[in-house]
Amino acid sequence: MTRKVSQASRDLWAVLIAGSAGYGNYRHQADICHAYQILRHGGVREDRIITMMYDDIAGHPSNPHPGKLFNRPQGPDVYTGVKIDYSHEDVTAENFLAVLAGNASALNVGRRSSRRVLQTGPDDKVFVYYSDHGAPGIVGMPSGPFLYADQLHAVIATRAREGAFHEMVIYIEACESGSIFEGLLEDGLRIYATTAANAHESSWGTYCPGMNPSPPPEFGTCLGDLYSVAWMENAEHADLTLETLKKQFQLVKQRVSQNFTYAQGSHVLRFGALPIGEEPVAEFMGYGNTGDGTVPLDWPLLGSKGQDADPAGAPWVQLGAVAQRDADLMPLWHAVQTRPEGPARAAAARELEAEVSRRAALDASVTAAVRRLLSPADASGALASLRSMYGSSAQLGPLLAAGLASPTGSPPEALVAAVVGQALPRPAGAAVVDDWDCLRAMVGAWEGACGRLDQYGMRHTRAFANLCNAGLRPAYLASAAAQACASSAAATDVLLGPDAHVAEA
């Protein structure tokens, strides 16, 4: 097969962003640094890669190899040589959107920024890669508010319609990352996206302590993320001048699904202009990535619908994995397992127990607030509104009827659990929420009453989206949250969140 050669008149640009901070999130910055090395190996110019990461891991006191980061056991250092354009408090949703928009005047940065933004032309191609935590409709940032799916869509769609680039490819590593594009990304915008998970599930960390292969014993944290490791190790081994984006998607999907068993795996999805998937991966990662011959183009794919090709000879092993939000606990768990008996281990156990208890208190507070809103006597009328929408539902209808007729004034716990933790019925292919301003205001209402939603607490945007879709005003959540959090540990010693100002008065 003859290699396709990229048009010399085109520039390839890339934006790489890690949305987290803290040693427990080691893997996200390692992912981004690894991606940087792949692009540079592929021949992408240094001045065409814009990198955003908090940059607190390489020099972190817990890092056993100062000044270095590793994305897999016994792998190379991926940190050395990485040029970071935005770090620390400059890594925000606002600045990420300004970079994508090519709008340097919209940056809100300090001394830690190069102030570089995309300066693409109509013939240029763009690769965007994000790694961090997500939740329904949002992804995290180490500073400032969350990035909401509609905000990302507004910027990239506007730039596509303006002809600011020829094509854009976006890879997102995050929980519920399918919700960032589902119901939003049109197929006519010359934008192709893949996500680590669908709109309803976790993505997964890997190369964690206790797994096989495991990081060296001095590491107490996960080195990588399953989706990210899958596409980057493919990029290192495959000939990207021949392998198409579609083929890479298929291989990554198979690996991340654990050969379609979904045991410790997720549903990798793709969105947007799918014909872009027929192009060589090298068009977006560089033509210098020609591989080592271990991923032949005719390597068989396991099919989810009856194709049973033998996976023997696969260029990877099936990896252990841990859900993203649990992966954050790995350093605490590792400390309990490895510290010597005595005060040090006892202190580590207390720290782990405190974090688990804090999470449980937050979950209980959200549940208590939703329970209050679903009371038949609550002024919000949430229960009646939900019945008007879902009264005919076989699952929800009886629960809603029972709630309205409750002699105790308390809704059925199964109904509360559904609103808190499940995606209530939506039209096929619809976005997670109809009113994005409502979702922002719901987050603001919660944070104004109870404190910032962190990388664990952001999971509760599922409940907030359900309430928005039921027509509930955020002010009602603010009142219920204030009461639920009044005596809860979730409201203790926590600063108000960055979205608190959005809440309705």
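A disulfide (a pair of cysteine sulfur atoms within 2.5 Å) ties cysteine 208 to cysteine 222, with the two sulfurs 2.1 Å apart. The pair links distant parts of the chain, 14 residues apart, with cysteine 208 and cysteine 222 each placed in the loop between E9 and E10. The link of cysteine 208 and cysteine 222 is right-handed, at 105 degrees about the S-S bond. Cysteine 208 and cysteine 222 are both buried, where buried means under 20% relative accessible area, exposed means over 50%, and partly exposed covers what lies in between (1.4 Å probe, protein chains only).

All of this comes from a predicted model, in which local features need pLDDT of at least 70, side-chain atom pairs count only at pLDDT 80 or more, and totals for chains, interfaces and linings use all residues. Residues are numbered from 1 along each chain as its sequence is written, and side-chain values use heavy atoms, with hydrogens and water left out.

The disulfide count comes to three. Cysteine 438 is joined to cysteine 468, at an S to S distance of 2.2 Å. This pair, too, links distant parts of the chain: cysteine 438 sits in helix H13 and cysteine 468 in helix H14 (residues 461–469), 30 residues apart. The link of cysteine 438 and cysteine 468 is left-handed, with -95 degrees about the S-S bond. Cysteine 438 counts as buried because its relative accessible area is 9%, and cysteine 468 is buried because its relative accessible area is 9%.

Helix H13 also takes part in the link between cysteine 450 and cysteine 485, a disulfide with S to S 2.0 Å. Here cysteine 450 lies in helix H13 and cysteine 485 in helix H15 (residues 474–485), 35 residues apart. The link of cysteine 450 and cysteine 485 is right-handed, at 100 degrees about the S-S bond, and both cysteines are buried. With the bonded cysteines of the protein numbered in sequence order, the pairing reads 1-2, 3-5, 4-6. As for other cysteines, cysteine 33 is buried, with a relative accessible area of 0%, and cysteine 175 counts as buried at 1% relative accessibility.

Helix H13 (436–450) turns up again in the packing of helix H3: the buried residues of H3 pack against H13 as well as H2, strand E6 (147–148), strand E7 (167–173) and strand E8 (191–195). The buried set in H3 is Ala149, Asp150, Leu152, His153, Val155, Ile156, Ala157, Arg159 and Ala160. As a general point, an α-helix has 3.6 residues a turn, so residues three or four places apart point the same way. After H3 comes glycine 163, with a positive phi near 75 degrees.

A few backbone details deserve a mention. The peptide bond from asparagine 212 to proline 213 is cis, with omega near 5 degrees. Proline 213 is placed in the loop between strand E9 (204–206) and strand E10 (224–225), the loop that also holds cysteine 208 and cysteine 222. Aspartate 55 is not a glycine, yet its phi is positive, at about 65 degrees. Aspartate 55 lies in the loop between strand E2 (49–52) and helix H2 (93–101) and counts as partly exposed because its relative accessibility is 22%. Glutamine 264, also not a glycine, has a positive phi of about 60 degrees. Glutamine 264 belongs to the loop between helix H5 (245–256) and strand E11 (269–272), and with a relative accessible area of 40% it is partly exposed.

On confidence, the protein averages a pLDDT of 90, and 90% of the residues score at least 70; pLDDT is the predictor's confidence in each residue, from 0 to 100. Over residues 303–315 the pLDDT is below 50, and this stretch has 16 contacts in the model beyond near neighbours in sequence, a contact being heavy atoms within 4.5 Å. Residues 489–505 also stay under 50, and for them the model has 40 contacts beyond four places in sequence. Where pLDDT is low, the predicted coordinates should not be read in detail.

Methods
Helices (H or I, at least four residues) and strands (E, at least two) are DSSP runs, numbered from the N terminus.
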